[in-house]
Structures are given as structure tokens and as C-alpha cells.
4 protein chains.
Amino acid sequence: MPGNTFGHALRITTAGESHGPANVAILDGVPPGVPLAVEDLLVDLDRRRPGQSRIVTQRKESDTPQILSGVFEGVTTGTALAILIPNEDQRSRDYDEIKNLYRPGHADFTFDAKYGVRDYRGGGRSSARETNVRVAAGAVAKKILHHACGARVVGYVIQVGDIRANIPAPADVTLDAVEKLFDGSPNIVRCPDQAAAARMIELIDQVRKQQDSIGGVAEVVATGIPAGLGEPVFDKLKADLAKALLSLPAVMAFEYGAGFAVATSRGSENNDVFEPGDAGGAVRTRTNRHGGMLGGISSGMPIILRAAVKPTSSLPLEQQTVSSSGDAATIRTKGRHDPCLLPRFVPMAEAMVALVLADHLLRWKGQGALTPK
Amino acid sequence: MPGNTFGHALRITTAGESHGPANVAILDGVPPGVPLAVEDLLVDLDRRRPGQSRIVTQRKESDTPQILSGVFEGVTTGTALAILIPNEDQRSRDYDEIKNLYRPGHADFTFDAKYGVRDYRGGGRSSARETNVRVAAGAVAKKILHHACGARVVGYVIQVGDIRANIPAPADVTLDAVEKLFDGSPNIVRCPDQAAAARMIELIDQVRKQQDSIGGVAEVVATGIPAGLGEPVFDKLKADLAKALLSLPAVMAFEYGAGFAVATSRGSENNDVFEPGDAGGAVRTRTNRHGGMLGGISSGMPIILRAAVKPTSSLPLEQQTVSSSGDAATIRTKGRHDPCLLPRFVPMAEAMVALVLADHLLRWKGQGALTPK
Amino acid sequence: MPGNTFGHALRITTAGESHGPANVAILDGVPPGVPLAVEDLLVDLDRRRPGQSRIVTQRKESDTPQILSGVFEGVTTGTALAILIPNEDQRSRDYDEIKNLYRPGHADFTFDAKYGVRDYRGGGRSSARETNVRVAAGAVAKKILHHACGARVVGYVIQVGDIRANIPAPADVTLDAVEKLFDGSPNIVRCPDQAAAARMIELIDQVRKQQDSIGGVAEVVATGIPAGLGEPVFDKLKADLAKALLSLPAVMAFEYGAGFAVATSRGSENNDVFEPGDAGGAVRTRTNRHGGMLGGISSGMPIILRAAVKPTSSLPLEQQTVSSSGDAATIRTKGRHDPCLLPRFVPMAEAMVALVLADHLLRWKGQGALTPK
Amino acid sequence: MPGNTFGHALRITTAGESHGPANVAILDGVPPGVPLAVEDLLVDLDRRRPGQSRIVTQRKESDTPQILSGVFEGVTTGTALAILIPNEDQRSRDYDEIKNLYRPGHADFTFDAKYGVRDYRGGGRSSARETNVRVAAGAVAKKILHHACGARVVGYVIQVGDIRANIPAPADVTLDAVEKLFDGSPNIVRCPDQAAAARMIELIDQVRKQQDSIGGVAEVVATGIPAGLGEPVFDKLKADLAKALLSLPAVMAFEYGAGFAVATSRGSENNDVFEPGDAGGAVRTRTNRHGGMLGGISSGMPIILRAAVKPTSSLPLEQQTVSSSGDAATIRTKGRHDPCLLPRFVPMAEAMVALVLADHLLRWKGQGALTPK
């Protein structure tokens with residue numbers, strides 16, 4: 001089975017290459033009656049857009065989406081949405097001289113090994129360009145979540161290189177705090193700890209000037225998600241979220257709640273104690289080391305995830321490699337690349353998280369107890 | 001869509017509860033002609049078995065599997081395998097007094113929130129008992145991998161609490177090194193760094209006496225996997241492996257290759273340089289920070305994964321909680337539990353990794369280039 | 001992707017061979033809270049059972065099912081059900097002498113062509129024996145349909161050879177009318193037109209004595225199904241029902257509503273005119289040539305389907321064939337076979353129809369309009 | 001799970017409405033290295049195109065496809081193909097006056113019942129316009145089949161109203177014989193029995209003048225398909241082919257091989273006798289009442305299918321109906337419609353058959369016996 005489809009009750013299928021005419025997503029399973037306009041897709045696409053600030057790639061793409069189906073008179077109809085984003089800046093000539101070379105850290109070699117043929121322009125299907133239609137579809141998923149239960153999904157950068165932000169209350173971080181500094185100017189690194197943000201930007205500027213790149217960590221928080229999402233035993237919510245984030249380019253690690261820190265903790269300190277909710281309210285836990293999921297099912301507490309993103313592999317620096325004929329060679333990647341992927345990674349991560357949560361919301365709606373007639 | 005099925009070309013579906021009559025797996029897509037006997041399942045089932053040493057749960061289960069279909073005259077037939085493992089030790093009385101209480105760290109509350117009804121005996125479907133048939137199916141997946149390409153999957157414990165093993169060459173670790181000490185006696189903690197192993201056992205003994213539990217980290221290595229496995233863009237090999245490991249109980253984090261360490265590294269140091277293979281050999285990389293996967297596709301280098309496992313939630317210690325009616329209460333979990341999950345987690349992790357790799361091997365076989373007539 | 005799984009929101013996976021130890025079904029997605037006991041499975045299993053009358057195979061099987069999971073204290077829990085039916089009468093010796101011969105009309109040759117290996121005992125996986133667990137799962141699907149919307153699924157025989165029953169009001173046929181004659185004795189051919197039934201039985205008796213077999217047609221009617229089931233454009237309800245019935249052994253044709261008769265009709269006479277429902281009731285159609293589905297979605301009118309079943313291929317008569325080495329040969333099939341498959345086909349067809357309808361009911365529940373918070 | 005995806009190893013997902021900007025298909029799983037150009041899609045799209053002759057709808061659509069991805073330098077790359085066909089002739093005003101009326105025989109009522117909202121312009125998603133991208137994808141599937149095994153899929157009309165063609169050798173019918181008359185002029189009804197074709201055209205002309213419509217039957221034949229395709233027990237080849245054809249608008253019946261005629265036949269006459277193939281050749285059957293499939297697996301003999309198509313429901317004649325508010329009303333459908341769907345149905349049916357066969361070819365390639373290393 002090929003791999004360009006994701007989700008079950010809400011199911012996204014994508015196609016498109018870096019330097020082809022367009023990228024396309026078909027989003028199937030959107031419930032009828034959700035208000036939706038093309039403008040709803042623009043906020044997150046702008047957050048993902050190349051050229052948005054000096055610390056990201058200077059490639060020029062407006063990423064203007066078209067909704068080709070599934071919406072009529074301002075609301076979704078229950079039929080499949082097709083979303084198309086044309087590619088505008090297709091400077092294929094940048095890639096001609098490397099078409100027979102395997103860029104270190106890239107999928108050039110593995111695509112050749114797999115398919116025996118490869119669209120070498122800008123990485124073809126392996127380019128992160130394909131994520132633009134994921135972000136557009138993720139914006140629809142966010143609308144579904146908000147429409148159905150008032151839930152929201154917010155991501156931000158918590159680490160760039162050695163600089164680690166201090167986010168005392170993840171569930172309280174707003175989109176505004178991620179996108180704007182206190183003075184109202186854009187928070188171009190998307191870290192809500194503004195002191196850390198300033199140092200992160202400084203570091204990214206520095207590696208960029210060194211023709212190098214730097215890695216980091218993003219955190220995504222979903223609030224307002226009801227208890228009960230996640231399907232034992234394989235489609236646990238944590239499992240599908242892990243897959244969703246690892247399906248994004250450059251992601252090399254995933255954790256939720258206390259994450260890797262559980263390795264050094266004891267049960268008596270790691271267990272989150274249940275306590276009665278507010279008057280009329282649901283059960284809740286006093287702490288949230290479980291990151292909002294128990295037994296792979298949402299607990300009603302905020303869902304908290306983190307993903308580690310490697311430093312951009314494309315480097316203007318000369319690197320050693322081999323050619324497709326197996327000979328030793330050197331390579332310089334001349335394209336315009338991000339010195340740090342994290343600022344543009346945030347909306348991609350939010351999109352994938354929103355797609356999983358909306359999918360599981362609809363799955364649960366379908367599989368939950370019947371109302372007998 | 002419900003969640004008890006995993007994989008595509010090789011697809012496992014499971015059912016069964018902790019205290020029901022049996023657990024069952026149907027493994028569909030096993031190619032015809034693979035030699036298989038019930039004995040092939042026993043090695044890994046024994047490694048997962050309760051009561052195997054003093055540092056795991058003392059529950060008594062022989063975990064004797066039956067193959068009900070799909071094998072004829074010693075080889076697989078291409079039809080679906082049904083594997084059944086009866087439950088023998090069903091001391092349901094241990095659970096009667098907690099049937100209206102939510103055990104901290106467990107899925108009791110979330111199952112109730114999801115289904116409105118719950119088999120409270122030993123956690124029912126949320127018990128790790130269901131993993132026995134996964135381990136049996138994983139043994140079949142290992143046979144497929146070995147039969148098709150000589151590949152093998154080996155896991156081991158690299159961390160318990162603060163004790164971290166030193167494994168200089170993960171790809172060289174053998175099953176024997178995991179299972180046995182130099183003197184031939186069983187390596188009950190499954191850490192091939194024997195000095196670390198001794199300290200881990202000491203630590204587990206200590207927390208057990210304190211009626212507490214401790215977390216840890218396991219590493220899984222797959223060698224002999226050909227370049228080309230993994231389906232862009234959603235079913236990347238890294239994504240499916242992440243999902244597979246996060247689908248296991250108690251897993252809270254996943255990483256491959258350099259993992260979270262990429263956050264602090266630069267592109268110039270993180271990229272693995274390609275170099276020509278041996279005479280007639282494939283391209284390879286000098287280092288393996290990419291953990292055997294580039295662009296989500298296997299590179300032919302060893303695949304290296306890690307998963308963090310939380311300390312067992314079931315504790316004999318008194319803990320605070322609430323009842324299903326929402327009232328504050330206290331709870332002691334009297335069942336027989338693992339003071340540390342890691343030793344028994346190793347075969348579970350190997351099984352899930354083998355299932356993913358064999359699935360992707362068959363998927364690639366199906367989707368790869370045609371041989372024109 | 002292998003083929004032993006069917007359905008999406010309600011998903012059945014089966015395994016088992018004719019002469020293996022047992023057949024197994026895992027039924028995943030059953031909503032929690034549906035009252036269910038093993039006795040609920042017996043009615044339909046008895047209707048499918050070999051040896052139930054003189055006009056079916058005399059093979060001896062009690063077909064006693066075990067529910068291994070998914071039910072607790074008399075209700076479904078929302079977790080997967082495993083249903084196991086042991087094989088009791090395994091006279092493998094009947095098949096030894098034909099293990100290298102391809103029985104005409106059977107899957108012996110095609111299994112060999114596909115897999116290169118074959119369980120020749122009684123057809124192995126290709127035997128209709130595998131349908132017993134489908135029937136058991138179908139009984140659960142019927143419970144779901146009844147529990148959720150009071151719907152019911154009834155099938156019966158409308159044709160054996162040239163004898164065609166007259167069923168003026170398909171939606172009014174009851175299970176009782178199918179199973180019993182006016183005098184209370186069993187209606188062994190399951191045709192509610194009792195005059196036709198008598199002639200059908202006479203014909204079957206006659207072909208049996210001639211060591212031959214005869215084909216026929218069954219009709220299945222579902223009433224009480226709400227308007228709205230079916231998922232455009234590929235998973236139309238009519239499409240999934242067609243697949244369901246064609247997935248049964250020996251079925252060679254499917255039609256719904258007016259079926260093949262539409263070929264000779266004009267739009268002006270074939271269109272079913274809508275008319276207002278009763279006070280407060282839904283829209284309905286005056287006639288039902290559309291068989292309860294328009295645009296592949298249920299209309300609220302009775303769903304009416306027919307399937308043609310070929311005469312049993314196994315014959316005691318000598319037939320020409322070839323051996324697995326490609327040489328001409330003759331064959332006599334000595335096993336105990338049905339002179340006419342139709343009486344036992346009825347519960348199989350009902351089961352598959354119920355599985356599709358319950359699946360689509362849950363799918364619709366999941367994909368339908370949200371109730372905004 | 002929503003329903004706009006079909007297939008497993010070769011998987012088509014579609015979106016688009018009758019009067020929206022475009023229809024889109026994503027075809028995933030196309031093997032790498034298959035030569036493909038946009039021109040390859042035009043032949044079948046022209047055969048499906050409105051306005052191609054006087055006996056089909058006079059709607060004007062050029063149906064010019066764009067391939068947006070998955071093809072590079074003239075061959076497929078193994079990544080997903082996106083195919084887009086813009087809608088040109090969107091005379092939405094034709095539909096304004098019927099937006100609150102349920103057209104008899106159409107999906108207007110059932111879409112409303114399902115979704116509570118409906119794109120009423122030309123039937124929206126329920127219009128047969130969506131089949132244009134199926135036909136484009138089917139052309140790719142035909143290329144795969146031809147590339148892999150020289151197989152071909154040809155369909156034609158065998159019945160319109162009471163006029164039934166005589167096709168003595170279905171496997172010998174060529175595309176040319178379907179498309180052209182002896183004198184080289186177009187065979188506008190696509191019936192290779194030219195005497196019958198003339199009478200069919202006469203009949204269609206007659207019903208068109210009477211503002212009525214007429215049904216019919218198409219036959220599809222696939223030759224060159226190897227033995228071994230089809231996945232027991234649910235994804236039998238016959239089952240997936242039935243689903244494929246029933247997923248097309250207006251199809252109400254399906255049969256293969258002897259079809260409904262098996263009801264009146266005896267086993268001794270219905271069984272196809274095996275005989276040795278030619279020197280070095282495979283086993284074959286003397287006759288082909290089994291329509292190329294035994295046990296749901298292809299036998300290597302020609303695959304022969306038939307589908308019955310109802311008369312067009314849209315009629316210029318006044319018909320009774322009800323409005324969406326439940327009141328009695330009358331309706332005339334003013335759009336431009338086909339007096340007989342069959343001529344344009346042929347390429348749709350071929351496309352769905354080719355998609356199923358190519359899917360199963362890749363599935364078999366994946367699931368077949370391993371070549372041990």
C-alpha cells in the first residue's frame with residue numbers, strides 16, 4: 001500500500017513535488033455544516049510560508065490555496081475537499097548540477113534505491129514543500145475541532161541549539177503569544193519565552209552567516225479535547241500523534257507529557273493523582289505528567305507533545321558525498337534554505353496534530369455507545 | 001474505525017482481555033512458503049513471560065500458543081494465521097475491590113470515559129497482557145525478515161533510572177549477548193553492558209522492596225534491512241516505527257539515530273557523509289546519526305531506535321484517587337506487578353519493530369518497479 | 001494488502017481452514033453496551049449448519065461458538081470480539097487421493113497458481129466452512145442494527161433451477177415464514193412461497209439422486225434502515241453490498257431493486273415517484289424499483305437484494321480434469337456435499353448484508369453533522 | 001470512514017462536483033518507470049466526453065486533463081499522481097428552480113437525508129461528472145496492466161432496451177471493433193454487433209424524441225490477466241469487481257461468466273473442465289462459464305463481466321415528486337441529459353475494471369512468495 005494517505009474518519013491524501021505545477025490535498029470526511037472559506041487557510045499558510053522573515057529560506061512562494069470542492073455557500077457539504085496550491089518559484093536550474101549527486105542528509109539516495117528513478121528538482125516529492133497542503137488541511141481540522149468542542153491546538157519553539165525556553169504553563173500559551181512580541185512586532189522564531197526568543201534569533205543569525213544550520217525542539221499543546229479519544233490497542237492517540245509528527249520531514253524524536261524523563265522517575269512520583277473535578281465537572285488529575293493521555297486515550301487534560309527537528313541538511317558549505325554511479329564527489333547545495341527549520345515547523349506540527357485529533361474525534365463519534373431507538 | 005488492526009501488507013488484528021479465556025491474533029499477509037512451527041514462537045514468548053525472574057511480575061502464565069490456521073505441512077500457506085494464547089492465571093478476585101476506583105496512571109478512567117462500561121479485571125483490554133499475541137506474531141515477522149533478506153531485529157535495555165549502559169556498537173549486539181551473562185547465566189535485565197546490568201538489577205531490587213517502580217529506556221536495532229523501505233509521505237518508515245512503539249503500553253517517547261540530540265547539533269556535524277560501498281557494494285554512510293533512515297526510507301545502514309518506558313503505575317503503596325462516582329478515595333493495587341517493565345518490554349519492542357519492517361518489506365515488494373513482460 | 005478483513009467502522013477479520021482446528025473471527029468496532037450472549041449466535045449458526053436436513057450436506061458439525069473477548073457481564077464493552085468455532089468432523093482421508101488433482105469449478109488450481117502451496121484438505125481456506133464465523137459475526141451485526149434502529153435483515157430462497165417463487169411483498173416476509181411451513185414443520189429449503197418450496201425440495205431430491213447439483217437465487221430484504229447510509233463515491237451502499245455478497249463462495253451475480261430488468265425499461269416507468277410521508281413522517285417513494293438506495297445511499301425504503309448461486313461444484317460423478325503436474329486425469333469428489341447450496345446460503349447472505357449495514361450505520365454516525373458545543 | 005478512496009496497492013481518491021471549478025483524482029501506488037504522458041489519458045476521456053454524438057448529452061466539456069505530479073521526464077516516478085480536469089460548462093442557472101425539489105431517481109433526497117445540506121447544481125457530488133477523473137486514472141491502470149503483462153480491458157454495449165447483441169467471442173472483441181463501424185465511421189453506441197448497433201441507435205433516437213430514456217447492459221472483458229489475482233476471503237477478485245462496477249452511477253446489477261444463468265444449471269453442465277495447456281503452457285479450461293475467476297482468484301482465462309445500467313433518471317417530461325419541505329410538487333429536469341447512458345458508460349466501466357485488476361496485480365506482487373536471499 002502506498003503512503004500518501006493519512007487518517008481514517010478524517011482522511012488526507014496528498015500529491016505534488018517541489019518543482020511541479022502544484023501540490024494537492026484531498027481531505028475526505030469533513031462533516032457537513034462547518035463554516036469554511038479559503039481565508040481560513042491563510043493564517044497558517046502564512047506562518048509556514050517561505051520568505052516570511054530573515055531567519056527562514058528566502059524562496060518566494062505566496063502559497064495561495066484554492067478550494068476546488070466540498071464547500072458550497074460558505075459551509076462544508078460532507079463531500080471531499082480538494083485543496084490546490086500552485087508552485088510559483090520553480091528555479092529548477094539550481095538543481096541541475098546536483099542531479100547525479102546524493103546530498104548528505106537528504107532522501108536522494110533512498111529515493112533512488114527505492115524507485116530507481118527520481119525527480120531531482122528540489123528534492124521532488126521528498127521536499128518539505130509538500131507540507132503546504134498539510135498545513136491547509138490542518139487549518140480545516142482546527143475548524144472542525146473548534147466547531148465541535150471548542151478545542152484549540154497551539155505550537156511553539158522551545159529549543160534552538162542549546163537555548164531552551166522556559167514555558168511554565170504550556171496550556172496557557174496563546175497563538176498571539178507565539179506570533180507576537182510584547183511590542184506587537186512579529187515573533188519570528190515563534191518562541192513565547194521572549195528572552196529565549198531573542199537569543200535563539202541571534203544563534204540562527206550566527207549559523208546562517210556561517211553557512212551552517214541548527215536543530216531544535218517544538219512543543220504542541222491541545223486544549224479542550226474531551227476524554228475518550230484514541231482507539232486501543234494499536235491506534236492509541238499517542239501512537240497516531242507520534243506517527244503524525246514523525247511523518248514530517250526532519251523530525252527525529254517524539255515525546256509526550258514527561259517523555260524521556262520517565263526513564264529516571266519512580267511510579268510513586270510519576271503517577272498523576274486523580275481528583276474530583278469542579279462542581280458538576282469531570283474527573284481531572286492534579287498534575288499532567290501523562291500529557292493528557294492514559295492507556296492511549298485522552299484524559300481531558302491538556303495534550304502536550306514535543307518533537308525534535310534536525311538541522312537543515314542542505315548546506316552551502318562543501319560536503320563530501322558520492323554520485324549516483326557510486327563515485328566519491330563533493331557537493332554544495334546552492335538552493336535557498338532555512339538556517340533553522342523550527343519557526344516554519346510550528347504550523348506543520350500543529351496541522352498534523354489537529355488532523356489526528358479531528359480524525360479521532362470523528363472515530364469516537366462513530367464508535368461510541370449507540371442511542372437505542 | 002476501531003483500532004485493533006495494524007499494518008497493511010502484513011496486518012495483525014488482535015483481541016482479548018487480561019482475565020478472559022484467551023488472547024488471539026490474526027496475522028494476515030504472511031507470504032506462502034515460509035517454514036514455521038509453533039516452537040518458533042516460544043523463544044520470544046518466554047522472554048516476555050511473567051514470572052521469568054525475580055525482577056518481573058510473579059504472575060504465573062505459561063503463554064503456550066496455538067497456531068490455528070495458515071500453516072500446513074510445516075510451511076505457511078499464504079492464508080491468514082490465527083494464533084491463540086489461553087489465559088491460565090485469572091485471579092479476578094484481586095480486582096473486585098478496585099472496580100469502582102480509578103487507578104492512577106492506568107486507563108481505568110479513560111476507558112470509562114470512552115465506552116461507559118469497562119472490564120475492570122486486571123485492566124481488561126488495557127492490560128499489557130494483550131502484548132503476548134503481538135510477541136507471537138512478531139516472531140513470525142522475524143522469520144519473514146530472515147527468510148527474505150537475512151535481516152534480524154535485536155533489542156535490549158540501555159537505561160534503568162539513572163543507570164545508563166554503554167553500547168559502543170549497537171549493530172553488533174547479538175541476542176545471546178542480551179540474554180546471557182559471560183558465565184552463561186540468564187541476563188535477567190537484558191542489558192548487554194554487564195556492568196550496567198548488575199547495577200540495574202540492584203536498583204530494581206531496591207525499588208521493589210520499597211513497593212515502588214522505576215522507568216527506563218530500551219534500544220532496538222535492525223540489521224540487514226535493504227535500502228528502500230518506507231512509503232512517502234505519511235507512511236515513512238520512521239513514522240510507522242514510532243507509531244508501533246508508542247502503541248505499546250507505558251511508552252512515552254521515541255527517537256531514532258541521533259534523536260533528541262539533533263536539537264543541539266549543526267548541519268555540518270549532523271549530516272552523515274556518503275561514501276562508496278565495498279567493491280560491488282551499495283552506497284553507505286560513514287556515520288549513522290540518521291539511524292538508518294533518510295527521508296523516511298531505509299538507507300541500508302542499521303536501523304536504531306529507542307523508546308522510553310514509564311515506571312509501572314500499579315503500586316502496592318497507598319495512592320490518592322477518585323471513584324467512578326467522582327468521590328475522593330485511596331487505593332492500593334494488590335495484583336502482582338513488575339517493579340520495572342523494561343526486561344519484559346524488550347521482546348515486545350522487537351516484535352513491533354519486526355512487524356513494521358516485514359510489512360514495509362512486502363509493501364515495497366508490491367509497489368516497486370514492474371518487470372515488463 | 002491481504003484480503004481477510006472486511007468493513008471499516010465495524011470490521012471483521014477471519015482465519016481458518018476446512019480441516020484445521022478452528023475458524024476464528026475478530027469483530028472490531030462493536031459499540032459498547034449492546035446486550036450479547038453466546039446464545040445470540042446460535043440461531044443463525046443452526047440455520048447454516050451442515051446436516052440440518054436431507055437436502056444439505058451430511059457432514060457433522062455442531063458449530064458451537066465461543067466468545068473469547070469483548071463481552072463482560074452480558075454487554076459488549078467496545079473492545080474487539082473474538083469468536084472461535086472448533087472444527088469437529090475432520091475426515092481428511094476423503095481428500096488424500098485428490099490432493100494432486102484440480103477439482104473442476106473449485107479453487108484448487110487458482111490457489112496453486114497464487115500461492116504455490118495449498119492445504120488440499122477439503123479445500124482448505126477456499127472451503128465454505130470459513131463462512132461459519134461470518135454468520136456468527138453477522139448475528140452480532142443484526143443485534144447492533146436492531147439495538148440502534150429496530151432494523152432487521154431477512155433472506156430467503158426465491159429460485160431453484162427453473163422453479164421461481166412468487167413473493168408479492170418482500171418487506172413483509174418474516175423469519176418465521178422463512179423457517180417454518182404452515183403446519184409448523186421446518187421449511188428446509190427456506191422459500192416462503194410454500195407451493196414453490198415443495199417443488200424446489202422435489203427438484204433438489206431429484207438432482208441429489210442423480211449425483212448432480214442445482215443452482216438458484218436468494219433474496220435478502222432489510223427493513224427499518226434509516227435514510228442516509230452509504231458513502232459516495234466509491235463506498236456506495238449498493239457497491240459494498242455487492243462486494244459483500246460476491247465475497248461469498250459460489251455467488252456469480254448480484255442485483256438490487258429492479259436489477260437487470262432496468263435494461264429494458266424506460267426512465268418514465270423506472271423512476272420511483274416521491275410522495276410525502278405520513279403525518280410527521282419522512283419522504284417516501286410510491287414504488288421501490290430503486291431497492292431502497294438512490295445515489296448509493298439508503299432512501300429509507302426497504303433494501304432489496306438478490307444473489308445467484310451456482311450449483312455445487314463438488315460432484316460424485318466422474319469429471320475430466322488435469323493434475324497439478326499438468327496431465328489429463330479424471331476425478332470423483334467423494335466428500336459429503338450439498339446438492340443445492342441455497343438453503344444454507346440464506347444465513348450467510350443475511351450475515352454479510354447485516355455486517356455491511358451495521359458498518360455503514362456506524363460510519364454515518366461518525367461522519368454525520370457535528371453537534372456544535 | 002468516508003468513501004472517496006478506492007483500492008489498496010493502487011489507490012484512487014477523488015473529489016469534485018458537477019458545477020465546481022474542477023474534478024481531481026490522486027492515484028497513489030503507480031509503480032515507477034511506467035511511460036506516461038497526458039495524451040495517454042485522452043482516448044478514454046474522449047470516449048466518455050459529453051457531446052460526442054447525437055445520442056448522448058449535448059453538454060459541452062472538453063475534459064482536458066492536467067497531470068500535476070508523479071511523472072518526470074516521461075515516466076512515472078513511483079510518487080502519487082494528481083490528475084485535474086477543469087469544469088468548463090457550468091450553467092448553474094438550469095438548476096435554480098429545482099433546488100428545493102427532489103428529482104425522482106436521483107440522489108437529491110438521500111444526500112439531504114445524509115448531510116442536511118446539498119450542492120444542488122447538477123447533482124453536485126452525485127453527478128456522473130465525477131467519473132471523468134476515474135476514466136483518466138483508469139487509463140493509467142490500463143498502462144500498468146499492459147506494461148506488466150500485456151493485458152487489455154475492453155468494454156462494449158450488449159443490450160439497449162429489448163435489443164440484445166450477439167457477441168460469439170467476447171475475448172476477441174477489439175477496441176477498434178467497439179469504436180468503429182465497418183465503413184470506418186464512429187460506432188456511436190459502442191456495440192460491436194453492427195446489426196444490433198443500428199437498431200440500438202434507432203431505439204435511442206426514438207426515446208430521445210419521446211423525451212424519455214432507456215436502459216441497457218454493458219459487457220467488459222479483460223484478457224492477458226495471469227492466474228493468481230484476488231485475495232481470499234473478502235477481497236475476492238469477483239467481489240472487488242462487483243463493487244467497482246456498482247460504485248458507478250446508475251448500475252443496478254452485476255454478473256460474471258454465466259451469471260444469473262447459473263440458477264437454472266446443474267453442476268455437471270456448469271463446471272468448466274480443466275485441460276492441459278499448450279506445450280509449456282498453463283492449465284486452462286475448455287469452457288469459460290466461470291468468467292475467468294475460481295474461488296475469487298483469476299484463472300488465466302478471460303475475465304468476463306456484465307453490468308446493467310438504468311435509464312437516465314433526468315427527464316424533460318413532467319414528473320410528480322415532493323419538495324424538500326415535504327410537499328407534493330411536479331418537476332421537469334431541464335438540463336441536457338443522455339437518452340441512454342450506455343455509450344458513455346463503456347469507458348467508465350473499463351476504467352473501474354482496470355483499476356481493480358491493476359490493484360490486485362500489485363497486491364499479488366507484494367503478497368506472493370518471497371525469493372529467499
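Buried, in this presentation, means under 20% relative accessible area, with exposed over 50% and partly exposed in between (1.4 Å probe, protein chains only). This is a predicted model, in which local features need pLDDT of at least 70 and side-chain atom pairs count only at pLDDT 80 or more, while totals for chains, interfaces and linings use all residues. Residues are numbered from 1 along each chain as its sequence is written, chains are lettered from A and ligands numbered from 1 in the order in which they are written, and side-chain values use heavy atoms, with hydrogens and water left out.

I begin with chain D. Helices here are DSSP runs (H or I, at least four residues), numbered from the N terminus. Ten of the ten residues of helix α7 of chain D, residues 237-246, are buried, so this helix is largely enclosed by the rest of the structure. Among them are Leu237(D), Lys238(D), Asp240(D) and Lys243(D).

I turn now to chains C and A. Contact (heavy atoms within 4.5 Å) links 21 residues of chain C with 21 residues of chain A. Buried area is the accessible area (1.4 Å probe) that two parts lose on being put together, summed over both. For this pair it is about 1,900 Å², 56% of it on carbon and sulfur atoms. On the side of chain C, Lys365(C), Gln367(C) and Leu370(C) lose the most area to chain A, together 36% of what that side buries. Helices α4 (131-149) and α9 (342-367) of chain C each supply at least two residues of the side that touches chain A.

What does the rule find for salt bridges across this interface? With a side-chain nitrogen of Lys or Arg required within 4 Å of a carboxyl oxygen of Asp or Glu, it finds zero between chain C and chain A.
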